Amino acid sequence: MTKFKAWISAARLRTLPLSVSGIVVGSALGYINFLETNIFWLAIATTLGLQILSNFANDYGDGVKGTDNEDRVGPQRALQSGAISKKEMYRGIVFTALITLGVAIALIYVSFGKENFFYSVFFFILGLTAIAAAIKYTMGSSAYGYRGLGDLFVFIFFGLVSVVGCYFLFAKKLNILVFLPAITIGLLSATVLNLNNMRDYYSDKKAGKNTLVVKLGINRARTYHFTLLIIAMLSMLVYLYATYKTPINFLFLIAYIPLLIHIRKVAKTSDSELLDPELKKIALTTFLLSILFSLGQIL
């Protein structure tokens with residue numbers, strides 16, 4: 001593997017569509033012509049930067065702690081394989097963090113200019129917090145991913161912050177109903193992480209990585225998984241009921257078909273290590289849901 005391919009692999013491109021789902025939903029709710037704005041594209045760039053930063057930090061943290069070893073079920077990581085050294089990955093994390101912060105500052109300036117100083121300061125602090133959260137998932141002695149808190153942070157940043165925050169960048173106000181689709185995207189994002197941790201249950205438990213799945217046990221983690229999915233789907237349905245205008249608003253229900261198929265697949269799969277293919281499916285389904293929901297709002 002060449003160095004370039006190693007970095008591409010470490011960036012985990014398959015995780016990127018999921019990361020921008022909240023931005024798409026929040027933008028569609030905030031401004032009908034969002035695709036024509038710099039706010040949307042800078043928000044996309046910021047979110048991609050945060051996701052790639054998180055992936056690099058995860059690779060580094062799990063690699064240094066020895067969690068990524070021969071027992072791991074998923075794809076081999078860059079640090080684990082030796083394709084990228086510990087020093088190189090650390091520099092990549094610092095570089096990605098600085099680039100992401102620069103793009104986030106540009107996003108804040110374009111959104112609020114000089115007229116909304118308080119909002120600018122708040123979102124700057126929020127941006128720093130998001131960068132810190134991306135890094136601290138597995139890095140350091142107090143990594144929250146090793147204490148079963150990964151799901152909570154994913155729900156907050158990829159759901160609430162992503163959707164509601166992006167909506168606010170456009171609208172400059174809050175709307176309580178926006179929290180419903182935000183809950184949906186946040187829970188579906190947490191579902192992807194839970195699925196990942198279900199797949200890695202045995203290796204994580206052996207390595208001392210106390211994810212929520214390790215804390216719950218595989219059977220209760222499966223029940224938790226179904227709960228996340230059901231509440232996610234119900235939350236979007238409540239939003240539909242509260243805001244319905246035309247039949248096109250029903251469009252996002254198409255994405256419920258693969259979600260229901262996924263629930264059946266997880267229920268019938270007793271060996272959690274065989275769930276790896278479902279990761280990509282549920283991530284892409286969440287992205288599909290965001291696209292269909294957004295089309296239903298702007299058409």
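This is a predicted model: local features need pLDDT of at least 70, side-chain atom pairs count only at pLDDT 80 or more; totals for chains, interfaces and linings use all residues.
User: Where in the chain does Arg-12 lie, and is it buried or exposed?
Analyst: Arg-12 belongs to the loop that joins α1 (3-11) to α2 (16-19). Its relative accessible area is 17%, and the cut-off for a buried residue is under 20%. Arg-12 is therefore buried.

User: What is the phi of Arg-12?
Analyst: Most residues other than glycine have a negative phi. Arg-12 is not a glycine, yet its phi is positive, at about 50°.

User: Which residue follows α8, and what is its phi?
Analyst: The residue after α8 is Lys-172, which is placed in the loop between α8 (150-171) and α9 (179-199). Lys-172 is partly exposed, with 28% relative accessibility. Although Lys-172 is a residue other than glycine, its phi is positive, near 60°.

User: How far does α8 reach from its first C-alpha to its last?
Analyst: α8 has 22 residues, and at 1.5 Å a residue a span of 32 Å is expected.

User: At which residue does α8 bend?
Analyst: The direction of a helix can be followed along its axis, and in α8 there is a bend of about 35°. The residue at the bend is Val-161.

User: How many of the residues of α8 are buried?
Analyst: A residue counts as buried when its relative accessible area is under 20%. α8 is mostly covered by this criterion. Of its 22 residues, the number buried is 16.

User: What is the reach of α4 from its first C-alpha to its last?
Analyst: α4 is a helix of 28 residues, for which 40 Å is expected at 1.5 Å a residue. Its reach is close to the expected figure, at 40 Å.

User: Which residue follows α4, and what is its phi?
Analyst: α4 covers residues 38-65, and Gly-66 comes after it. The phi of Gly-66 is positive, near 85°.

User: Are α4 and α7 roughly parallel or roughly antiparallel?
Analyst: Two packed helices are described by the angle between their axes and the distance between the axes. The axes of α4 and α7 come within 7 Å and cross at roughly 30°. Angles under 35 degrees count as roughly parallel, so α4 and α7 are roughly parallel.

User: Which residues of α7 make the contact with α4?
Analyst: The axes of α4 and α7 come within 7 Å. From α4, the contact involves Leu-50, Leu-53, Ser-54 and Ala-57. From α7, it involves Ala-130, Ile-131, Ala-134 and Ile-135.

User: How are α6 and α7 oriented relative to each other?
Analyst: Helix α6 (residues 86-112) and helix α7 (residues 117-136) have axes that come within 10 Å and cross at roughly 155°. α6 passes α7 in a right-handed crossing. An angle over 145 counts as roughly antiparallel, and α6 and α7 are therefore roughly antiparallel.

User: Which residues of α6 meet residues of α7?
Analyst: On the α7 side, the residues are Tyr-119, Ser-120, Phe-123, Phe-124, Leu-128, Ile-131 and Ile-135. On the α6 side, they are Ile-93, Ala-97, Leu-101, Ile-105, Ile-108 and Phe-112.

User: How do α9 and α12 pack, and what is the handedness of the crossing?
Analyst: The axes of α9 and α12 are 8 Å apart, at an angle of about 160°. This makes α9 roughly antiparallel to α12. The crossing of α9 past α12 is left-handed.

User: Is Ala-255 buried or exposed?
Analyst: Ala-255 is placed in the loop between α12 (218-243) and α13. Its relative accessible area is 0%, so Ala-255 is buried.

User: With which residues is Ala-255 in contact, leaving aside its neighbours within four places in sequence?
Analyst: Contact here requires heavy atoms within 4.5 Å. Beyond the excluded neighbours, the contacts of Ala-255 are Thr-285, Leu-288, Leu-289 and Leu-292.

User: How far apart in space are Ala-255 and Ser-290?
Analyst: In sequence, Ala-255 and Ser-290 are 35 residues apart. In space, their C-alpha to C-alpha distance is 9.1 Å.

User: Is Lys-268 buried or exposed?
Analyst: Lys-268 is found in helix α13 (residues 256-268). Its relative accessibility is 60%, and the cut-off for this class is over 50%. Lys-268 therefore counts as exposed.

Technical notes
Residues are numbered from 1 along each chain as its sequence is written. Side-chain values use heavy atoms; hydrogens and water are left out. Helices (H or I, at least four residues) and strands (E, at least two) are DSSP runs, numbered from the N terminus. Buried means under 20% relative accessible area, exposed over 50%, partly exposed in between (1.4 Å probe, protein chains only). The expected span of a helix is 1.5 Å times one less than its number of residues. The bend at a residue is the angle between axes fitted to the seven residues ending there and the seven starting there. Axes are lines fitted to C-alpha atoms, for helices over the stretch in contact, and angles run from 0 to 180 degrees between N-to-C directions. Angles under 35 degrees count as roughly parallel, over 145 as roughly antiparallel, 65 to 115 as roughly perpendicular and the rest as oblique. A crossing is left-handed if the near helix is turned anticlockwise from the far one by less than a right angle, and right-handed if clockwise.
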